[in-house]
Amino acid sequence: MRILVVSICSLALFSTVYGAQKQENKPQPKKQPQPAHHASQPAAHPAGGTGAKKMTTAPSAAKKAHTSQTSTAAYHAQKNKKNQASTPVYHEQKAKAAQASNAAYQTQKAKKNQTQAERQAAKAANERQTANAANANHAQVAGKPQHGKTEAVSGQNAGKGKFAKGKPLKPQHFNLPKQPNTAKAPPVKFQQGRRIQGSQNWQGQRYAVFRNYKSEWHDRNWWHNHYHNNITFVFGAPYYWNAGYWFPAWGYTPNAYYAWDGPIYGYNRMPPDQVTANVQSALQQQGYYHGEVDGLIGPLTRGAIADYQRDHGLYTTSTIDQPTLQSLGIA
């Protein structure tokens, strides 16, 4: 009996459990969709936890899309502005570079187009400056002239009669001013017994006239008694003729003007001013003399003669002598 009761109870319990499980496994009816106006309700009344999360995410995505569009538009705007600003600057820099390049090209072209004569003149001027600098370094020490190698070689050539000879030039007669320009050629002062500096070192018979010269002062009668008709006047000053040279006749006219106190070679017995003018013209053609052909043997003319003499292996007498005129092709 007891067994039967236990069996019935067990059966009843099993039925109850099975029924409960079957009730749980029964499909649930579908929920009806919410009306459209409920979808726009605030998130404070969501239908469930999942729906609320979805509604929160949607605005965030829209905001990101809007931000991305704004950034892209700003980037393109900045790029366009940069391109617009850089383009004129680029073209301006390019134009300046082209102008500078063209200017440099024109400068180089101008330099290349220099004539051969200009280059030779510049070379000759440079050589003269070098010679002058070398001569300056051999200045006098304790009253004794110091001669360098170049001057020694020139002296040897001059002493042996070896002179560079130029092309023969036909003597000309120049229309010279009647009054001297004392600003360019100031008058020299008389010094009794003055000798030409450095002449004691000039060897050879052709330079004996310079070694022997000394200033003398005599009155008019004395000059007439000794040289008679061998006297000429240049710029109002008397010169006397002796052994192929013209010399200043100091004292003949007390206030006479002389631009140089020393011998002047007088080929064909031309007066000193015409000889000087021919020498000035010849030196001018060779680029040594840049002054006026005025017939005055002033500082500018003597400097040009000295430069020519150094360049042509002659003694630097700085005046008109026979070897210099032969070298120029005048005598």
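Visitor: Is Arg194 buried, partly exposed or exposed, and what's its relative accessibility?

Guide: Arg194 comes out at 22% relative accessibility, so it counts as partly exposed. Buried means under 20% relative accessible area, exposed means over 50%, and partly exposed is in between (1.4 Å probe, protein chains only). One heads-up: this is a predicted model, where local features need pLDDT of at least 70 and side-chain atom pairs count only at pLDDT 80 or more, while totals for chains, interfaces and linings use all residues. Residues are numbered from 1 along each chain as its sequence is written, and side-chain values use heavy atoms, with hydrogens and water left out.

Visitor: Got it. Which side chain does Arg194 meet in a salt bridge?

Guide: That's Asp261, at 3.1 Å from N to O. The pair ties together distant parts of the chain, 67 residues apart: Asp261 is in the loop between β3 (245–248) and β4 (264–265), and Arg194 is in the loop between α5 and α6. Asp261 counts as buried, because its relative accessibility is 3%. A salt bridge here is a side-chain nitrogen of Lys or Arg within 4 Å of a carboxyl oxygen of Asp or Glu. Helices (H or I, at least four residues) and strands (E, at least two) are DSSP runs, numbered from the N terminus.

Visitor: How many salt bridges does the structure hold?

Guide: Three. One of them joins Glu292 and Lys184, at 3.8 Å from N to O. Those two are 108 residues apart, with Glu292 in the loop between α8 and α9 and Lys184 in the loop between α5 (149–159) and α6 (208–212). Glu292 is partly exposed at 44% relative accessible area, and Lys184 is partly exposed at 49%.

Visitor: And what does Arg310 form a salt bridge with?

Guide: With Asp307, where the closest N and O atoms are 3.0 Å apart. Both lie in helix α9, three residues apart, which is about one turn of the helix. Asp307 is buried at 14% relative accessible area, whereas Arg310 is partly exposed at 22%.

Visitor: Why would three places apart matter in a helix?

Guide: An α-helix has 3.6 residues a turn, so residues three or four places apart point the same way.

Visitor: What span should helix α9 have?

Guide: The 13 residues of α9 (residues 299–311) should span 18 Å, and the end C-alpha atoms are 19 Å apart, which agrees. The expected span is 1.5 Å times one less than the number of residues. Just after α9, Gly313 takes a positive phi of about 70 degrees.

Visitor: New topic: how many aromatic pairs are there?

Guide: The structure holds 20. Trp202 and Tyr207 are edge-to-face, because their ring centres are 6.4 Å apart and their planes are at 65 degrees. Trp223 and Tyr227 make a tilted pair, 6.0 Å centre to centre with 35 degrees between the planes. Rings of Phe, Tyr and Trp (its six-membered ring) pair if their centres lie within 6.5 Å; planes under 30 degrees apart are stacked, over 60 edge-to-face and the rest tilted.

Visitor: Where do Trp223 and Tyr227 sit?

Guide: In helix α7 (residues 220–227), and being four residues apart, they're separated by about one helical turn. Trp223 is buried at 1% relative accessible area, and Tyr227 counts as buried at 17%.

Visitor: Which residues form the aromatic cluster?

Guide: Trp202, Tyr207, Phe210, Tyr245, Tyr265 and Tyr315 form one cluster. Within it, Trp202 counts as buried at 6% relative accessibility, and Tyr207 counts as buried at 1%.
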